[in-house]
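Subject: Structure handover

Hello,

Here is the structure you asked to look at. Please open it first, then read the notes below it.

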Amino acid sequence: GIVNCFPTLVMALVMAFSPSFSNHELTPMTIWFISIIVIFAIIFAVNSSIHSYLVVKYAKSDKLAKSVGFYYMSNAFGRLFGTIGSGILYTYVGQDAGPLAGTDGTTGLAACFLAGTVCSILAALITVKIDDNNEGLKCGS
């Protein structure tokens, strides 16, 4: 859900406005990257297990393999286009540093984190529209 948005949004803002990133200070940049990636990985692992559970829960028993296959196909499709989209953002966002240097990588990477935040918000908004009479999307109790 919406929890996915926080690490990517924080990283985009830190990269865009922190003096550590504008001055290319390696140690603070590394600490930020590792911290955010670990936090995001934990959230991603929990969400992934919930998604897998929900796919199996909502699949009709005679179409379980088809539902799980469609889920993984959709995942692969999203990752492919996410990779292509982030590659385009990373390449073309930021100041041009000359013909041999390319563009400013910090700005491009910040744009990738911001795009990830926007995609997570869109996914959370779409999820709200799911009709869930069986309460499968509720955590806890």
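At roughly what angle do the axes of H3 and H4 cross? In this predicted model, the angle is roughly 145°, and the two axes come within 9 Å of each other. On the H3 side, the residues that meet H4 are Phe 44, Ser 48, His 51, Ser 52, Val 55 and Val 56. Their partners in H4 are Leu 64, Ser 67, Val 68, Tyr 71, Tyr 72 and Arg 79. Sorted by class, this contact has 7 nonpolar residues, 4 polar ones and 1 charged one.

Now the overall layout. The protein has 141 residues, and 21% of them count as buried. The secondary structure consists of 5 helices and 0 strands, so the order from the N terminus is α-α-α-α-α. Take the contacts between residues at least 6 apart in sequence: 50% of these join residues at least 24 apart.

Next, helix H5. This helix covers residues 105-128, which is 24 residues. From first C-alpha to last it reaches 35 Å, close to the 34 Å expected at 1.5 Å a residue. Its buried residues are Thr 106, Gly 108, Ala 110, Ala 111, Cys 112, Phe 113, Thr 117, Ser 120 and Ala 124. Among the elements that cover them are H1 (5-17), H2 (19-22), H3 (26-58) and H4 (64-92).

Why does Gly 108 count as buried? Gly 108 is part of helix H5, and it counts as buried because its relative accessibility is 0%, where the cut-off is under 20%. Leaving out residues up to four places away in sequence, Gly 108 touches Leu 89, Tyr 90 and Val 93. Gly 108 also lies 6.6 Å from Thr 91, C-alpha to C-alpha, although 17 residues separate the two in sequence.

Two of the buried residues of H5, Ala 110 and Phe 113, also belong to the largest nonpolar core. At least two residues come from each of H1, H3 and H5, and H1 gives the most, with 4. As background, nonpolar side chains in soluble globular proteins tend to be buried together.

Setting aside its neighbours within four places in sequence, Phe 21 is in contact with Met 11, Val 14, Met 15, Met 29, Trp 32, Phe 33 and Thr 106.

Two more residues remain. The side chains of Asn 4 and Asn 47 are joined by a polar contact of 2.8 Å. Apart from residues up to four places away in sequence, Asn 4 touches Phe 40, Ile 43, Asn 47 and Ser 120. Ser 120 is one of the buried residues of H5.

The other is His 24, in the loop between H2 and H3. Its phi is positive, about 55°, although His 24 is not a glycine.

Regards

Key: Residues are numbered from 1 along each chain as its sequence is written. This is a predicted model: local features need pLDDT of at least 70, side-chain atom pairs count only at pLDDT 80 or more; totals for chains, interfaces and linings use all residues. Side-chain values use heavy atoms; hydrogens and water are left out. The expected span of a helix is 1.5 Å times one less than its number of residues. Buried means under 20% relative accessible area, exposed over 50%, partly exposed in between (1.4 Å probe, protein chains only). Contact means heavy atoms within 4.5 Å. Axes are lines fitted to C-alpha atoms, for helices over the stretch in contact, and angles run from 0 to 180 degrees between N-to-C directions. Ala, Val, Leu, Ile, Met, Phe, Trp, Tyr, Cys and Pro count as nonpolar, Asp, Glu, Lys and Arg as charged, and the others, Gly among them, as polar. A polar contact is a pair of N or O atoms within 3.5 Å; within protein, one must be able to donate a hydrogen and the other to accept it, and residues adjacent in sequence count only if both atoms are side-chain atoms. A nonpolar core is a set of buried Ala, Val, Leu, Ile, Met, Phe, Trp, Tyr and Cys residues joined through side-chain atoms within 4.5 Å.
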